[in-house]
Amino acid sequence: MANFSLEELTVIEASRYIKDGETVFAGTGLPLMATMLAQKTHAPHLCFVAETGPIAPIVLPTPLSVSDPRLQYRAVRLGSLREVLGCLLQRGMMDVGFVGGAEIDEFGNINTTVIGDYGRPKVRFPGSGGGNDILSHAKRIIIITRHEKQRFPRRCTYITSPGYIDGPDARAKAGLTSKKPQIVVVTRLGVMEINPESGRFQIRKLMPGSSVEAIMEATGFCPDINGRIEEVTTPTDHELTTLREKVDPKGLYSKKV
Amino acid sequence: MNEENKVMNVREAVEKFVFDGATIGLGGQNVGRLAMAAVHEIVRQGKKNLTIYGCNLSINMDILVGAGLVKRCEAGTGNLEYFGTTFCFRRAIEQGVMEMEDYSHLGMISRFLAGEMGLPFMPTKSMLGSDMLTRQCKSTGKKFELIRDPWNPDEPVLLLPALRPDVALIHAQRADATGNAVIDGFLALDVELARASKHTIVTCEEIISEDRIRSDAERTSIPYLYVSAVVEQPFGSHPAGAYRYYDYDAEHVKYYQKCSREGGNALEGYLKHYIRDSETFDDYLEKAGGIKKMLVLMKSMRRMV
(Lines give C-alpha, C1' and ligand atoms only; values in the text may rest on other atoms or scores of the structure.)
Protein backbone atom coordinates (compact mmCIF):
# COMPACT_ATOMS: atom_id res chain seq x y z
CA MET A 1 0.00 0.00 0.00
CA ALA A 2 1.43 3.32 -1.11
CA ASN A 3 1.35 6.35 1.14
CA PHE A 4 -1.81 8.38 0.87
CA SER A 5 -2.98 11.71 2.27
CA LEU A 6 -6.11 12.02 4.39
CA GLU A 7 -7.42 14.41 1.73
CA GLU A 8 -7.09 11.67 -0.86
CA LEU A 9 -8.81 9.23 1.46
CA THR A 10 -11.78 11.57 2.01
CA VAL A 11 -12.31 11.68 -1.77
CA ILE A 12 -11.92 7.90 -2.01
CA GLU A 13 -14.27 7.24 0.93
CA ALA A 14 -16.88 9.62 -0.53
CA SER A 15 -16.67 7.81 -3.87
CA ARG A 16 -17.61 4.55 -2.14
CA TYR A 17 -21.03 6.01 -1.27
CA ILE A 18 -21.92 6.09 -4.97
CA LYS A 19 -23.43 2.89 -6.35
CA ASP A 20 -23.14 1.71 -9.93
CA GLY A 21 -25.92 2.95 -12.19
CA GLU A 22 -26.89 5.88 -9.99
CA THR A 23 -27.49 9.45 -11.18
CA VAL A 24 -25.06 11.83 -9.50
CA PHE A 25 -25.22 15.61 -9.28
CA ALA A 26 -21.92 17.28 -8.39
CA GLY A 27 -20.19 20.60 -8.75
CA THR A 28 -16.46 20.90 -9.34
CA GLY A 29 -13.70 20.27 -6.80
CA LEU A 30 -13.60 17.28 -4.46
CA PRO A 31 -17.22 16.19 -5.22
CA LEU A 32 -16.42 15.86 -8.92
CA MET A 33 -13.19 14.04 -8.06
CA ALA A 34 -15.17 11.54 -5.95
CA THR A 35 -17.74 11.08 -8.71
CA MET A 36 -15.12 10.53 -11.42
CA LEU A 37 -13.22 8.14 -9.17
CA ALA A 38 -16.38 6.10 -8.58
CA GLN A 39 -17.00 6.03 -12.34
CA LYS A 40 -13.48 4.81 -13.07
CA THR A 41 -13.50 2.16 -10.32
CA HIS A 42 -16.65 0.49 -9.00
CA ALA A 43 -19.44 2.47 -10.69
CA PRO A 44 -18.74 2.60 -14.46
CA HIS A 45 -22.43 3.05 -15.26
CA LEU A 46 -23.12 6.04 -13.06
CA CYS A 47 -24.72 9.02 -14.81
CA PHE A 48 -22.99 12.26 -13.89
CA VAL A 49 -25.04 15.41 -14.35
CA ALA A 50 -23.79 18.99 -14.03
CA GLU A 51 -26.03 21.89 -13.12
CA THR A 52 -25.50 23.92 -16.29
CA GLY A 53 -26.99 21.10 -18.39
CA PRO A 54 -24.47 18.40 -19.39
CA ILE A 55 -25.80 14.84 -18.98
CA ALA A 56 -23.39 11.86 -18.85
CA PRO A 57 -20.28 13.62 -20.23
CA ILE A 58 -16.91 11.84 -20.46
CA VAL A 59 -15.23 14.36 -18.18
CA LEU A 60 -11.73 15.49 -19.17
CA PRO A 61 -9.29 16.40 -16.41
CA THR A 62 -9.62 18.80 -14.68
CA PRO A 63 -12.71 21.06 -14.79
CA LEU A 64 -12.53 24.19 -12.64
CA SER A 65 -16.16 25.18 -13.18
CA VAL A 66 -19.57 23.67 -13.93
CA SER A 67 -19.42 25.76 -17.11
CA ASP A 68 -16.06 24.22 -18.10
CA PRO A 69 -15.85 22.67 -21.60
CA ARG A 70 -13.98 19.75 -19.97
CA LEU A 71 -17.27 18.91 -18.31
CA GLN A 72 -19.24 18.93 -21.56
CA TYR A 73 -17.01 16.56 -23.53
CA ARG A 74 -18.99 13.87 -25.35
CA ALA A 75 -22.10 14.30 -23.19
CA VAL A 76 -25.32 12.63 -24.39
CA ARG A 77 -27.16 15.92 -23.92
CA LEU A 78 -26.12 19.50 -23.25
CA GLY A 79 -29.28 20.78 -21.63
CA SER A 80 -30.20 23.53 -19.21
CA LEU A 81 -30.60 24.40 -15.54
CA ARG A 82 -34.33 23.74 -15.92
CA GLU A 83 -33.72 20.24 -17.25
CA VAL A 84 -31.24 19.32 -14.52
CA LEU A 85 -32.75 21.05 -11.48
CA GLY A 86 -36.39 20.70 -12.48
CA CYS A 87 -36.78 17.69 -14.75
CA LEU A 88 -34.23 15.45 -12.96
CA LEU A 89 -33.72 16.74 -9.41
CA GLN A 90 -37.16 18.07 -8.43
CA ARG A 91 -38.80 15.23 -10.36
CA GLY A 92 -37.07 12.83 -7.96
CA MET A 93 -34.61 11.20 -10.36
CA MET A 94 -31.35 12.20 -8.65
CA ASP A 95 -29.87 9.47 -6.46
CA VAL A 96 -26.85 11.35 -5.16
CA GLY A 97 -26.10 15.04 -4.72
CA PHE A 98 -22.92 16.62 -3.41
CA VAL A 99 -22.92 19.90 -1.48
CA GLY A 100 -20.52 21.96 0.60
CA GLY A 101 -21.17 24.54 3.27
CA ALA A 102 -19.72 27.24 5.49
CA GLU A 103 -21.84 25.88 8.36
CA ILE A 104 -23.28 22.39 8.81
CA ASP A 105 -25.32 21.85 11.96
CA GLU A 106 -26.35 18.81 14.01
CA PHE A 107 -29.49 18.26 11.91
CA GLY A 108 -27.54 18.41 8.66
CA ASN A 109 -28.81 21.90 7.76
CA ILE A 110 -26.40 23.91 5.67
CA ASN A 111 -25.59 27.61 5.57
CA THR A 112 -23.98 29.01 2.43
CA THR A 113 -25.61 32.45 2.63
CA VAL A 114 -24.81 34.79 5.54
CA ILE A 115 -23.38 35.06 9.03
CA GLY A 116 -25.17 37.80 10.95
CA ASP A 117 -28.06 40.04 9.95
CA TYR A 118 -29.51 39.12 6.55
CA GLY A 119 -29.78 42.71 5.32
CA ARG A 120 -26.35 43.74 6.62
CA PRO A 121 -24.39 40.51 7.16
CA LYS A 122 -21.06 40.21 8.96
CA VAL A 123 -20.01 37.73 6.28
CA ARG A 124 -21.72 37.16 2.96
CA PHE A 125 -21.21 33.76 1.30
CA PRO A 126 -22.15 32.92 -2.33
CA GLY A 127 -25.74 31.81 -1.58
CA SER A 128 -27.77 28.69 -2.34
CA GLY A 129 -26.96 28.08 -5.96
CA GLY A 130 -28.29 24.60 -6.61
CA GLY A 131 -27.47 23.55 -3.03
CA ASN A 132 -30.95 24.09 -1.65
CA ASP A 133 -32.40 22.17 -4.58
CA ILE A 134 -30.05 19.24 -3.93
CA LEU A 135 -30.88 19.07 -0.20
CA SER A 136 -34.57 19.43 -1.04
CA HIS A 137 -34.76 16.63 -3.60
CA ALA A 138 -31.79 14.21 -3.76
CA LYS A 139 -32.13 10.79 -2.13
CA ARG A 140 -28.58 10.74 -0.78
CA ILE A 141 -26.49 13.79 0.06
CA ILE A 142 -22.73 13.62 0.43
CA ILE A 143 -20.72 16.42 1.99
CA ILE A 144 -16.91 16.53 1.83
CA THR A 145 -15.55 19.24 4.10
CA ARG A 146 -12.84 20.33 6.52
CA HIS A 147 -13.57 19.29 10.08
CA GLU A 148 -13.39 22.39 12.26
CA LYS A 149 -15.51 23.60 15.14
CA GLN A 150 -16.90 26.78 13.56
CA ARG A 151 -17.93 24.79 10.48
CA PHE A 152 -20.03 22.43 12.63
CA PRO A 153 -22.10 24.69 14.92
CA ARG A 154 -25.04 23.33 16.93
CA ARG A 155 -27.41 25.43 14.81
CA CYS A 156 -26.80 27.21 11.52
CA THR A 157 -27.40 30.94 11.84
CA TYR A 158 -29.18 30.76 8.47
CA ILE A 159 -30.57 27.60 6.84
CA THR A 160 -29.83 27.85 3.12
CA SER A 161 -30.41 24.15 2.48
CA PRO A 162 -32.55 22.03 4.77
CA GLY A 163 -31.19 18.88 6.37
CA TYR A 164 -33.59 17.43 8.95
CA ILE A 165 -34.36 21.07 9.99
CA ASP A 166 -35.07 20.51 13.73
CA GLY A 167 -36.09 16.90 14.07
CA PRO A 168 -36.87 13.61 12.32
CA ASP A 169 -40.27 14.64 10.92
CA ALA A 170 -39.58 18.29 10.15
CA ARG A 171 -38.90 17.75 6.46
CA ALA A 172 -42.29 16.12 5.95
CA LYS A 173 -43.98 18.94 7.86
CA ALA A 174 -42.22 21.57 5.75
CA GLY A 175 -43.58 19.86 2.63
CA LEU A 176 -40.33 18.48 1.24
CA THR A 177 -40.88 15.57 -1.12
CA SER A 178 -37.73 13.72 -0.10
CA LYS A 179 -38.70 13.10 3.52
CA LYS A 180 -35.79 11.07 4.91
CA PRO A 181 -32.74 11.45 2.69
CA GLN A 182 -29.46 9.87 3.65
CA ILE A 183 -27.03 12.65 4.63
CA VAL A 184 -23.34 11.74 4.98
CA VAL A 185 -20.38 13.96 5.90
CA VAL A 186 -16.86 12.79 5.08
CA THR A 187 -13.93 14.63 6.67
CA ARG A 188 -10.28 14.02 7.49
CA LEU A 189 -11.41 12.83 10.92
CA GLY A 190 -14.20 10.45 9.99
CA VAL A 191 -17.68 9.89 8.62
CA MET A 192 -20.85 11.18 10.26
CA GLU A 193 -24.33 10.31 9.04
CA ILE A 194 -27.78 11.60 9.99
CA ASN A 195 -29.75 9.02 11.95
CA PRO A 196 -33.24 9.23 10.38
CA GLU A 197 -34.81 8.25 13.72
CA SER A 198 -33.40 11.26 15.57
CA GLY A 199 -32.65 13.56 12.64
CA ARG A 200 -29.20 14.15 14.17
CA PHE A 201 -25.66 13.30 13.12
CA GLN A 202 -24.03 10.21 14.56
CA ILE A 203 -20.42 9.10 14.17
CA ARG A 204 -20.18 6.14 11.80
CA LYS A 205 -16.50 5.77 10.89
CA LEU A 206 -13.06 6.99 11.94
CA MET A 207 -10.28 7.93 9.56
CA PRO A 208 -6.83 6.41 10.24
CA GLY A 209 -5.27 8.09 13.28
CA SER A 210 -8.55 9.74 14.30
CA SER A 211 -10.65 9.09 17.39
CA VAL A 212 -14.10 9.83 18.78
CA GLU A 213 -12.43 12.41 21.04
CA ALA A 214 -10.79 14.10 18.03
CA ILE A 215 -14.17 14.37 16.31
CA MET A 216 -15.89 15.70 19.45
CA GLU A 217 -13.07 18.23 19.84
CA ALA A 218 -13.52 19.54 16.27
CA THR A 219 -17.33 19.57 16.28
CA GLY A 220 -19.47 22.35 17.75
CA PHE A 221 -22.24 19.92 18.70
CA CYS A 222 -22.25 16.48 20.24
CA PRO A 223 -22.80 13.86 17.53
CA ASP A 224 -24.57 10.68 18.69
CA ILE A 225 -22.78 7.40 19.07
CA ASN A 226 -25.02 4.41 18.40
CA GLY A 227 -23.59 0.97 17.87
CA ARG A 228 -20.22 0.08 16.42
CA ILE A 229 -17.95 2.69 14.92
CA GLU A 230 -15.99 1.33 11.96
CA GLU A 231 -12.58 2.26 10.58
CA VAL A 232 -12.50 3.83 7.13
CA THR A 233 -10.90 1.26 4.84
CA THR A 234 -7.52 2.44 3.58
CA PRO A 235 -7.27 3.01 -0.20
CA THR A 236 -6.61 0.13 -2.56
CA ASP A 237 -3.79 0.60 -5.05
CA HIS A 238 -6.42 0.78 -7.78
CA GLU A 239 -8.34 3.59 -6.06
CA LEU A 240 -5.20 5.59 -5.35
CA THR A 241 -3.57 5.29 -8.77
CA THR A 242 -6.87 6.01 -10.52
CA LEU A 243 -7.35 9.15 -8.44
CA ARG A 244 -3.81 10.35 -9.05
CA GLU A 245 -3.37 9.41 -12.67
CA LYS A 246 -6.82 9.63 -14.23
CA VAL A 247 -9.03 11.83 -12.06
CA ASP A 248 -6.79 14.69 -10.92
CA PRO A 249 -3.43 14.20 -12.68
CA LYS A 250 -2.35 17.79 -12.08
CA GLY A 251 -3.19 17.54 -8.38
CA LEU A 252 -5.37 20.65 -8.57
CA TYR A 253 -7.76 19.48 -5.90
CA SER A 254 -6.49 16.51 -3.93
CA LYS A 255 -3.02 16.93 -2.52
CA LYS A 256 -0.79 13.90 -2.30
CA VAL A 257 1.31 13.15 0.77
CA MET B 1 -41.83 36.95 -40.90
CA ASN B 2 -40.80 40.51 -40.15
CA GLU B 3 -37.34 40.65 -41.64
CA GLU B 4 -36.16 43.66 -39.69
CA ASN B 5 -32.38 43.84 -39.58
CA LYS B 6 -31.44 44.15 -35.90
CA VAL B 7 -27.70 44.25 -36.32
CA MET B 8 -26.07 47.14 -34.48
CA ASN B 9 -22.94 47.73 -32.49
CA VAL B 10 -22.94 47.15 -28.76
CA ARG B 11 -22.94 50.88 -27.99
CA GLU B 12 -26.19 51.36 -29.90
CA ALA B 13 -27.73 48.24 -28.36
CA VAL B 14 -27.02 49.37 -24.79
CA GLU B 15 -28.12 52.96 -25.53
CA LYS B 16 -31.36 51.67 -26.94
CA PHE B 17 -32.36 48.94 -24.48
CA VAL B 18 -30.57 49.53 -21.17
CA PHE B 19 -31.58 52.51 -19.04
CA ASP B 20 -31.00 53.82 -15.52
CA GLY B 21 -33.08 51.72 -13.14
CA ALA B 22 -33.48 48.84 -15.61
CA THR B 23 -33.92 45.23 -14.51
CA ILE B 24 -31.35 43.11 -16.33
CA GLY B 25 -31.22 39.33 -16.69
CA LEU B 26 -27.77 37.85 -17.19
CA GLY B 27 -27.31 34.69 -19.25
CA GLY B 28 -24.45 32.21 -19.18
CA GLN B 29 -22.80 30.85 -16.08
CA ASN B 30 -19.49 31.17 -14.22
CA VAL B 31 -16.83 31.07 -16.95
CA GLY B 32 -19.11 30.02 -19.80
CA ARG B 33 -20.80 32.21 -22.38
CA LEU B 34 -21.14 35.56 -20.59
CA ALA B 35 -22.26 38.66 -22.52
CA MET B 36 -19.14 40.53 -21.45
CA ALA B 37 -19.08 43.00 -24.36
CA ALA B 38 -22.53 44.24 -23.31
CA VAL B 39 -21.45 44.38 -19.65
CA HIS B 40 -18.38 46.48 -20.52
CA GLU B 41 -20.53 48.84 -22.56
CA ILE B 42 -22.97 49.33 -19.65
CA VAL B 43 -19.98 50.32 -17.49
CA ARG B 44 -18.77 52.76 -20.16
CA GLN B 45 -22.22 54.32 -20.43
CA GLY B 46 -22.62 54.35 -16.64
CA LYS B 47 -26.21 53.07 -16.58
CA LYS B 48 -27.06 53.06 -12.89
CA ASN B 49 -29.52 51.85 -10.21
CA LEU B 50 -29.65 48.52 -11.98
CA THR B 51 -31.34 45.38 -10.67
CA ILE B 52 -29.65 42.16 -11.75
CA TYR B 53 -31.55 38.87 -12.13
CA GLY B 54 -29.95 35.50 -12.79
CA CYS B 55 -28.97 32.12 -11.40
CA ASN B 56 -25.23 31.78 -10.92
CA LEU B 57 -24.05 35.36 -11.31
CA SER B 58 -20.39 35.69 -12.14
CA ILE B 59 -17.82 38.24 -13.37
CA ASN B 60 -20.57 39.76 -15.50
CA MET B 61 -22.47 40.85 -12.38
CA ASP B 62 -19.36 41.48 -10.27
CA ILE B 63 -17.97 44.10 -12.69
CA LEU B 64 -21.29 45.97 -12.72
CA VAL B 65 -21.38 45.90 -8.91
CA GLY B 66 -17.72 46.93 -8.70
CA ALA B 67 -18.50 49.90 -10.94
CA GLY B 68 -21.20 50.98 -8.47
CA LEU B 69 -24.08 50.54 -10.89
CA VAL B 70 -26.17 47.90 -9.13
CA LYS B 71 -28.64 48.54 -6.32
CA ARG B 72 -30.10 45.05 -6.08
CA CYS B 73 -29.68 41.41 -7.14
CA GLU B 74 -32.22 38.61 -7.16
CA ALA B 75 -30.39 35.38 -7.84
CA GLY B 76 -29.20 32.00 -6.67
CA THR B 77 -25.57 32.84 -6.08
CA GLY B 78 -22.60 35.06 -6.83
CA ASN B 79 -19.77 32.60 -7.28
CA LEU B 80 -16.73 31.69 -9.36
CA GLU B 81 -16.07 28.24 -7.87
CA TYR B 82 -12.34 27.40 -8.16
CA PHE B 83 -11.56 31.09 -8.70
CA GLY B 84 -13.24 32.16 -5.46
CA THR B 85 -16.35 34.11 -4.58
CA THR B 86 -17.50 37.25 -6.40
CA PHE B 87 -15.71 39.78 -4.23
CA CYS B 88 -17.39 43.05 -5.28
CA PHE B 89 -20.78 41.39 -4.72
CA ARG B 90 -19.73 40.16 -1.30
CA ARG B 91 -18.32 43.53 -0.27
CA ALA B 92 -21.32 45.51 -1.51
CA ILE B 93 -23.74 43.35 0.50
CA GLU B 94 -21.60 43.38 3.65
CA GLN B 95 -21.30 47.18 3.42
CA GLY B 96 -25.03 47.56 2.89
CA VAL B 97 -24.74 49.37 -0.45
CA MET B 98 -26.49 46.63 -2.43
CA GLU B 99 -29.43 44.36 -1.65
CA MET B 100 -29.42 40.65 -2.47
CA GLU B 101 -32.66 38.68 -2.41
CA ASP B 102 -31.83 34.97 -2.27
CA TYR B 103 -33.56 32.17 -4.15
CA SER B 104 -32.35 28.70 -5.06
CA HIS B 105 -31.35 28.18 -8.68
CA LEU B 106 -34.52 26.22 -9.32
CA GLY B 107 -36.46 29.01 -7.59
CA MET B 108 -35.06 31.54 -10.09
CA ILE B 109 -35.64 29.18 -13.02
CA SER B 110 -39.25 28.72 -11.88
CA ARG B 111 -39.71 32.50 -11.90
CA PHE B 112 -38.34 32.80 -15.45
CA LEU B 113 -40.54 29.87 -16.47
CA ALA B 114 -43.62 31.72 -15.25
CA GLY B 115 -42.41 34.84 -17.04
CA GLU B 116 -41.81 33.10 -20.35
CA MET B 117 -45.24 31.42 -20.33
CA GLY B 118 -47.21 34.51 -19.42
CA LEU B 119 -48.16 33.15 -16.00
CA PRO B 120 -48.25 35.20 -12.79
CA PHE B 121 -46.36 32.64 -10.68
CA MET B 122 -44.91 29.13 -10.65
CA PRO B 123 -45.13 26.42 -7.99
CA THR B 124 -42.00 24.68 -6.72
CA LYS B 125 -41.07 22.19 -4.03
CA SER B 126 -37.63 23.72 -3.52
CA MET B 127 -36.79 26.29 -0.78
CA LEU B 128 -39.30 24.76 1.68
CA GLY B 129 -38.06 24.71 5.29
CA SER B 130 -35.21 27.10 4.46
CA ASP B 131 -34.51 30.61 5.72
CA MET B 132 -35.04 31.94 2.20
CA LEU B 133 -38.68 31.92 3.38
CA THR B 134 -38.04 33.59 6.76
CA ARG B 135 -35.66 36.42 5.83
CA GLN B 136 -35.88 38.97 3.07
CA CYS B 137 -34.60 42.41 2.12
CA LYS B 138 -36.42 45.49 3.39
CA SER B 139 -37.53 46.64 -0.05
CA THR B 140 -38.80 43.23 -1.19
CA GLY B 141 -42.56 43.06 -1.27
CA LYS B 142 -44.32 39.71 -1.15
CA LYS B 143 -41.51 37.27 -1.82
CA PHE B 144 -43.59 34.07 -2.00
CA GLU B 145 -46.88 32.43 -1.09
CA LEU B 146 -47.17 29.09 0.65
CA ILE B 147 -50.31 27.16 -0.29
CA ARG B 148 -51.70 23.64 0.08
CA ASP B 149 -51.68 21.51 -3.05
CA PRO B 150 -55.37 21.75 -4.10
CA TRP B 151 -55.35 18.06 -5.18
CA ASN B 152 -53.37 16.81 -2.20
CA PRO B 153 -54.17 19.09 0.73
CA ASP B 154 -51.54 17.56 3.06
CA GLU B 155 -48.74 18.86 0.85
CA PRO B 156 -47.45 22.44 1.12
CA VAL B 157 -46.40 24.03 -2.18
CA LEU B 158 -44.41 27.19 -2.69
CA LEU B 159 -45.49 29.81 -5.24
CA LEU B 160 -42.89 32.21 -6.61
CA PRO B 161 -43.74 35.34 -8.63
CA ALA B 162 -42.93 35.57 -12.35
CA LEU B 163 -39.93 37.56 -13.53
CA ARG B 164 -39.99 39.69 -16.68
CA PRO B 165 -36.67 41.56 -16.89
CA ASP B 166 -36.53 44.75 -18.94
CA VAL B 167 -33.64 43.33 -20.90
CA ALA B 168 -31.70 40.06 -21.09
CA LEU B 169 -28.03 39.98 -22.05
CA ILE B 170 -27.25 36.74 -23.88
CA HIS B 171 -24.06 35.66 -25.58
CA ALA B 172 -24.65 33.09 -28.32
CA GLN B 173 -22.21 31.50 -30.72
CA ARG B 174 -24.21 32.43 -33.81
CA ALA B 175 -27.22 34.52 -34.83
CA ASP B 176 -28.70 35.81 -38.04
CA ALA B 177 -29.44 39.48 -38.66
CA THR B 178 -33.03 39.20 -37.46
CA GLY B 179 -32.02 37.61 -34.15
CA ASN B 180 -32.44 33.87 -34.56
CA ALA B 181 -29.77 32.73 -32.12
CA VAL B 182 -27.90 29.42 -31.91
CA ILE B 183 -26.25 28.43 -28.64
CA ASP B 184 -23.61 25.69 -28.63
CA GLY B 185 -22.97 23.72 -25.45
CA PHE B 186 -24.91 23.96 -22.21
CA LEU B 187 -27.87 26.32 -22.18
CA ALA B 188 -27.85 27.29 -18.48
CA LEU B 189 -30.87 29.63 -18.03
CA ASP B 190 -30.57 31.51 -21.30
CA VAL B 191 -33.57 30.22 -23.25
CA GLU B 192 -36.05 30.74 -20.40
CA LEU B 193 -34.49 34.11 -19.58
CA ALA B 194 -34.67 35.43 -23.14
CA ARG B 195 -38.29 34.37 -23.57
CA ALA B 196 -39.25 35.94 -20.23
CA SER B 197 -37.60 39.32 -20.94
CA LYS B 198 -39.17 42.35 -22.60
CA HIS B 199 -36.05 42.80 -24.75
CA THR B 200 -33.05 40.61 -25.43
CA ILE B 201 -29.66 41.78 -26.64
CA VAL B 202 -27.85 38.89 -28.32
CA THR B 203 -24.12 39.31 -28.72
CA CYS B 204 -22.63 36.58 -30.86
CA GLU B 205 -19.36 35.20 -32.13
CA GLU B 206 -20.51 35.44 -35.72
CA ILE B 207 -23.52 36.52 -37.72
CA ILE B 208 -24.72 33.84 -40.11
CA SER B 209 -27.23 33.87 -42.93
CA GLU B 210 -30.96 33.32 -42.49
CA ASP B 211 -30.53 30.48 -44.96
CA ARG B 212 -28.22 28.65 -42.55
CA ILE B 213 -30.78 29.12 -39.78
CA ARG B 214 -33.58 27.82 -42.00
CA SER B 215 -31.61 24.78 -43.15
CA ASP B 216 -30.99 23.67 -39.54
CA ALA B 217 -33.94 25.20 -37.69
CA GLU B 218 -34.05 22.66 -34.84
CA ARG B 219 -30.73 24.13 -33.71
CA THR B 220 -32.27 27.58 -33.17
CA SER B 221 -32.12 28.15 -29.40
CA ILE B 222 -33.92 31.51 -29.37
CA PRO B 223 -36.14 32.55 -32.31
CA TYR B 224 -35.97 36.15 -33.58
CA LEU B 225 -39.34 37.05 -32.02
CA TYR B 226 -37.72 37.51 -28.61
CA VAL B 227 -34.64 39.37 -29.80
CA SER B 228 -34.30 43.15 -30.09
CA ALA B 229 -30.64 43.61 -30.98
CA VAL B 230 -27.93 41.50 -32.60
CA VAL B 231 -24.29 42.41 -32.01
CA GLU B 232 -21.43 40.63 -33.70
CA GLN B 233 -18.53 40.48 -31.26
CA PRO B 234 -15.93 37.73 -31.67
CA PHE B 235 -14.51 36.66 -28.29
CA GLY B 236 -17.39 38.62 -26.77
CA SER B 237 -17.52 36.30 -23.76
CA HIS B 238 -13.86 36.79 -22.73
CA PRO B 239 -12.51 36.07 -20.13
CA ALA B 240 -15.27 33.45 -20.02
CA GLY B 241 -15.32 30.91 -22.85
CA ALA B 242 -17.68 30.01 -25.67
CA TYR B 243 -18.19 26.30 -26.34
CA ARG B 244 -16.75 25.10 -29.67
CA TYR B 245 -15.05 28.51 -30.18
CA TYR B 246 -12.59 29.18 -27.34
CA ASP B 247 -11.73 28.11 -23.80
CA TYR B 248 -12.04 30.46 -20.85
CA ASP B 249 -8.97 32.52 -19.95
CA ALA B 250 -8.08 31.24 -16.48
CA GLU B 251 -5.16 33.65 -16.19
CA HIS B 252 -7.32 36.70 -16.81
CA VAL B 253 -10.06 35.41 -14.49
CA LYS B 254 -7.43 35.02 -11.75
CA TYR B 255 -6.16 38.53 -12.45
CA TYR B 256 -9.67 40.00 -12.24
CA GLN B 257 -10.26 38.09 -9.00
CA LYS B 258 -7.05 39.50 -7.55
CA CYS B 259 -8.21 43.05 -8.36
CA SER B 260 -11.78 42.53 -7.16
CA ARG B 261 -10.63 40.87 -3.93
CA GLU B 262 -8.32 43.77 -3.19
CA GLY B 263 -10.95 46.37 -4.17
CA GLY B 264 -10.09 50.09 -3.99
CA ASN B 265 -7.34 51.17 -6.37
CA ALA B 266 -6.74 47.68 -7.73
CA LEU B 267 -10.36 47.34 -8.79
CA GLU B 268 -10.56 50.92 -10.06
CA GLY B 269 -7.37 50.31 -12.02
CA TYR B 270 -8.88 47.26 -13.68
CA LEU B 271 -12.11 49.05 -14.57
CA LYS B 272 -10.23 52.07 -15.95
CA HIS B 273 -7.56 50.23 -17.91
CA TYR B 274 -9.62 47.41 -19.38
CA ILE B 275 -13.07 48.99 -19.68
CA ARG B 276 -13.41 52.78 -19.36
CA ASP B 277 -10.22 53.54 -21.30
CA SER B 278 -11.15 51.05 -24.03
CA GLU B 279 -13.28 52.52 -26.74
CA THR B 280 -14.54 49.13 -27.88
CA PHE B 281 -14.45 45.52 -26.73
CA ASP B 282 -11.84 44.86 -29.41
CA ASP B 283 -9.57 47.39 -27.65
CA TYR B 284 -10.07 45.42 -24.43
CA LEU B 285 -9.22 42.16 -26.18
CA GLU B 286 -5.95 43.71 -27.41
CA LYS B 287 -5.05 44.65 -23.84
CA ALA B 288 -6.04 41.19 -22.59
CA GLY B 289 -3.46 39.48 -24.80
CA GLY B 290 -4.70 40.12 -28.32
CA ILE B 291 -4.64 37.65 -31.17
CA LYS B 292 -1.89 35.54 -29.60
CA LYS B 293 -3.90 34.89 -26.47
CA MET B 294 -7.13 34.29 -28.40
CA LEU B 295 -5.40 31.69 -30.60
CA VAL B 296 -4.23 29.83 -27.50
CA LEU B 297 -7.80 29.78 -26.15
CA MET B 298 -9.14 28.62 -29.54
CA LYS B 299 -6.59 25.81 -29.75
CA SER B 300 -7.37 24.72 -26.21
CA MET B 301 -11.06 24.45 -27.10
CA ARG B 302 -10.37 22.59 -30.34
CA ARG B 303 -8.86 19.72 -28.36
CA MET B 304 -12.13 19.31 -26.43
CA VAL B 305 -14.84 19.27 -29.09
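Trainee: Which residues are buried in H2(A)?
Mentor: Leu30(A), Pro31(A), Leu32(A), Met33(A), Ala34(A), Thr35(A), Met36(A), Leu37(A), Ala38(A) and Gln39(A) are the buried residues of H2(A), where buried means that 20 or more other C-beta atoms lie within 10 Å of the residue's own, exposed means 12 or fewer, and partly exposed is in between, with C-beta atoms placed from the backbone. Helices (H or I, at least four residues) and strands (E, at least two) are DSSP runs, numbered from the N terminus. This is a predicted model, in which local features need pLDDT of at least 70 and side-chain atom pairs count only at pLDDT 80 or more, while totals for chains, interfaces and linings use all residues. Residues are numbered from 1 along each chain as its sequence is written, and chains are lettered from A and ligands numbered from 1 in the order in which they are written.

Trainee: And what covers those buried residues of H2(A)?
Mentor: The cover includes helix H1 (6–15), strand S1 (23–25), strand S2 (47–49), strand S5 (96–99), S10 and H7 of chain A. With 10 of its 11 residues buried, H2(A) is mostly covered.

Trainee: At what angle do H2(A) and H7(A) pack?
Mentor: Helix H2 (residues 30–40) and helix H7 (residues 237–247) of chain A pack at about 115 degrees, and their axes are 10 Å apart. The axes are lines fitted to C-alpha atoms, for helices over the stretch in contact, and angles run from 0 to 180 degrees between N-to-C directions.

Trainee: Is the crossing of H2(A) and H7(A) left-handed or right-handed?
Mentor: The crossing of H2(A) and H7(A) is right-handed; a crossing gets that name if the near helix is turned clockwise from the far one by less than a right angle, and is left-handed if anticlockwise.

Trainee: Which residues meet there?
Mentor: From H2(A) there are Met33(A), Met36(A), Leu37(A) and Lys40(A), and they meet Glu239(A), Thr242(A), Leu243(A), Lys246(A) and Val247(A) of H7(A). Sorted by class, that contact has five nonpolar, one polar and three charged residues; Ala, Val, Leu, Ile, Met, Phe, Trp, Tyr, Cys and Pro count as nonpolar, Asp, Glu, Lys and Arg as charged, and the others, Gly among them, as polar.

Trainee: Switching to Cys156(A), where does this residue lie?
Mentor: Cys156(A) lies in the loop between strand S10 (140–144) and helix H5 (170–174) of chain A, and it counts as buried because it has 25 C-beta neighbours inside 10 Å.

Trainee: What does Cys156(A) touch?
Mentor: Leaving out residues up to four places away in sequence, Cys156(A) touches Glu103(A), Asp105(A), Asn109(A), Ile110(A) and Asn111(A), a contact being two C-beta atoms, placed from the backbone, that lie within 7 Å. For Cys156(A) and Ile110(A), the C-alpha to C-alpha distance is 6.7 Å, although they are 46 residues apart in sequence.

Trainee: How many helices and strands does chain A have?
Mentor: Chain A has seven helices and 14 strands. Its radius of gyration is 18 Å, close to the 18 Å that the globule rule gives for 257 residues, so chain A is as compact as a globular protein of that length. The radius is taken over C-alpha atoms, and the rule is 2.2 Å times the number of residues to the power 0.38. Buried residues make up 54% of chain A.

Trainee: And how many does chain B have?
Mentor: Chain B has 11 helices and 13 strands, and buried residues make up 53% of its 305 residues. The C-alpha atoms of chain B fill a box of roughly 60 × 50 × 40 Å along the principal axes.

Trainee: What order do the strands of the three-stranded open sheet in chain B follow?
Mentor: The order is S7-S9-S8, with antiparallel pairing, and strands pair if DSSP finds at least two bridges between them. Strand S7 (121–124) and strand S8 (145–148) of chain B are the edge strands, each pairing on one side only, and the twist averages 35 degrees from one strand to the next. Four bridges join S7(B) to S9(B), and Phe121(B) stands opposite Pro161(B) in S9(B).

Trainee: What lies across S7 and S9 of chain B?
Mentor: H5(B) does, running at about 145 degrees to S7(B).

Trainee: Last one: how many residues of chain B are in contact with chain A?
Mentor: 50 residues of chain B are in contact with 51 residues of chain A. H5(B) gives the most to the side of chain B that touches chain A, with four residues, and that side has 22 nonpolar, 17 polar and 11 charged residues.
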